[in-house]
Amino acid sequence: MSESEVSQEISIDAFWNALYIDGEWETPDDRDRIDVTNPATGESVTEVPAASVDDVDRAFEAATRAQAEWEETTPDERAAVVRRAATLIEEYEDEIREILAVESGGTKPRQDIEVGGTITFVHDAASFAFRSSGGHNQSKIPGKENIIQREPVGVVGVISPWNVPLKLSIRAVAPAIALGNSVVLKPAQETSISGGLLLARLFEMAGLPEGVLNVVTGTGPEAGDRVASHPDCEVIAFTGSTPVGQMVGQNAVDHFAFPALELGGNNPHVVLEDADLDAAVDAGVFGSFWNQGQVCISINRHLVHESIYEEYAERLAERAAELKIGDPLDDDVVIGPIINADQREEMLDYIDRTVEQGATLETGGAGEGLFVEPTVLTNVTNEMAAACNEHFGPVAPIIPFSDDDEAVELANDTEYGLAASVHSADRGRARDVADRIEAGMVHVNDQTVNVEPHVPFGGVKDSGMGRYNGKWIIDEFTQTKWTSVQREPREYPF
Ligand code: NAD
């Protein structure tokens with residue numbers, strides 16, 4: 001199909017059955033196809049090509065060619081393209097909300113945060129074109145000038161997940177482009193549009209030169225694996241599960257690419273006995289159930305002091321049972337569908353096993369189709385299935401503790417270290433507990449789901465390597481070069 005035949009509109013009904021390589025929308029007939037399905041209804045939305053290794057290689061060739069010219073453009077030009085992409089997201093907000101609802105089960109509360117956050121992030125990323133800066137350092141050699149420059153790395157490979165697809169793709173794509181890099185993006189196959197092809201169309205409409213952004217829809221083991229292991233990939237920006245991230249990181253290091261890995265979490269919400277219970281429960285409901293709990297930074301475990309345990313559990317269960325479940329196209333719905341049957345089966349299995357291990361099901365535990373009711377489990381220990389695994393669902397296991405030391409011990413008893421929250425009326429005490437929690441991000445008197453464009457985002461332990469946002473992502477997507485200039489004749493020892 002030629003470019004002119006491809007509809008340029010942004011809507012769920014637009015033409016999406018294509019790869020986007022070197023500025024062309026390609027619809028090769030001989031590739032396997034990936035179904036894009038509405039998880040709320042099971043209806044087919046469209047299909048997209050499954051990119052081959054050869055497609056990925058062509059995307060890298062195009063990206064390498066285009067990058068050489070793109071890095072020579074002025075920061076003004078690069079910033080203007082990224083700003084235009086942000087403006088287009090504002091202009092097409094309703095259509096993008098519909099795409100997020102239909103393709104990825106994004107309810108209105110998720111759309112609000114994902115679309116709003118994306119606009120802010122992309123506007124901020126536009127400024128990176130001017131914010132990548134070096135310096136002049138002193139020299140111990142007489143007459144020498146030391147110049148430290150930051151340059152684009154070249155081609156950035158981006159592999160993204162399905163859970164907040166637009167935001168988690170664009171948080172890497174927009175900074176990479178603003179900084180003078182080119183990109184090969186492989187979205188999750190469940191969200192080939194919102195995590196991939198939609199970005200291609202936005203940046204094409206924004207005037208990005210051909211080849212600077214390439215989108216290869218496809219499977220992880222084929223297209224994803226090739227993106228991470230391609231010799232021209234200089235940085236691989238991967239967001240996804242820890243086991244896949246580990247493989248991707250190894251592939252990257254094999255050809256000396258820098259792995260920027262944002263991986264899984266098992267995030268504790270710690271409620272000390274002097275906490276404001278209303279605030280802690282409000283935070284707990286949002287942090288566990290936003291986006292059906294399919295969030296790397298959602299609350300995976302509620303750790304609650306034994307003296308307030310029963311009251312906290314009762315209130316949380318009451319609130320959970322009131323949340324409206326249904327099709328995300330209904331604005332009142334809070335709990336949409338789980339993305340696919342495998343994810344749903346896995347979380348139901350964690351719930352069943354946790355009950356078999358002795359926990360009490362206070363509410364939820366089932367659901368029709370791909371839906372899972374908000375679930376609250378009490379009498380849980382840290383070793384039970386829903387607590388020691390990243391359940392990635394609307395599941396709230398509540399674990400009691402007797403003092404601050406035990407709370408910290410339980411919070412840290414996981415291989416992950418992404419996010420955490422601590423509630424106490426005594427902010428100093430909460431801060432002391434926060435300091436002892438091994439996590440990249442800890443929030444006092446709030447919940448775990450927080451992201452801001454100018455503060456560092458990322459985890460410790462098995463939750464990843466590196467940090468997104470602001471100056472931290474600028475450092476990851478640029479490389480440092482030392483140029484020295486000898487201004488006077490230099491004396492050598494021989
Ligand atoms: P996933 O690891 O299954 O897939 C992520 C991406 O990797 C997809 O695009 C997939 O196609 C690709 N992939 C799969 N196998 C691959 C391979 N062998 N080589 C290269 N790429 C491959 O994760 P998911 O199910 O899409 O997302 C859920 C996971 O992502 C959870 O563990 C969650 O915590 C994590 N996550 C982390 C963050 C963060 O910022 N830390 C954000 C969102 C999600």
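Mentor: Two residues are in contact when heavy atoms of theirs lie within 4.5 Å of each other. Before using that, note how the values were made. This is a predicted model, in which local features need pLDDT of at least 70 and side-chain atom pairs count only at pLDDT 80 or more, while totals for chains, interfaces and linings use all residues. Residues are numbered from 1 along each chain as its sequence is written, and side-chain values use heavy atoms, with hydrogens and water left out.

Start with Ile89, which sits in helix H2 (residues 75-91). Helices here are DSSP runs of H or I with at least four residues, strands are runs of E with at least two, and both are numbered from the N terminus. Leaving aside residues up to four places away in sequence, Ile89 touches Ile96, Val115, Thr118, Ile119, Val122, Ile170 and Leu202. The relative accessible area of Ile89 is 0%, so Ile89 is buried. The cut-offs, for a 1.4 Å probe and protein chains only, are under 20% for buried, over 50% for exposed, and partly exposed in between.

A salt bridge is a side-chain nitrogen of Lys or Arg within 4 Å of a carboxyl oxygen of Asp or Glu. The whole structure has 28 of them. One joins Arg97 to Asp112, with 2.9 Å from N to O. This pair links distant parts of the chain, 15 residues apart: Arg97 belongs to helix H3 (residues 93-104) and Asp112 to helix H4 (residues 108-131). Arg97 has a relative accessibility of 16% and therefore counts as buried, whereas Asp112, at 30%, counts as partly exposed.

Asp112 also forms a salt bridge with Lys108, where the closest N and O atoms are 3.1 Å apart. Both residues lie in H4, 4 residues apart, which is about one turn of the helix. Lys108 has a relative accessible area of 29% and is partly exposed.

The domain assignment, which is automatic or from a database, gives domain 1 (3-263 + 463-481) and domain 2 (267-444). Their centres, taken over C-alpha atoms, are 31 Å apart. To the contact, domain 1 gives 24 residues and domain 2 gives 27 residues.

The size of an interface is often given as the accessible area lost when the parts come together. Here, buried area is what the two parts lose on being put together (1.4 Å probe), summed over both. Between the two domains this is about 2,000 Å², and carbon and sulfur atoms give 64% of it. On the domain 1 side, Thr107, Trp162 and Ser463 lose the most area, together 27% of what that side buries.

Across this interface the rule finds 0 salt bridges. H3 and H4 are the elements that give two or more residues to the side of domain 1 that touches domain 2.
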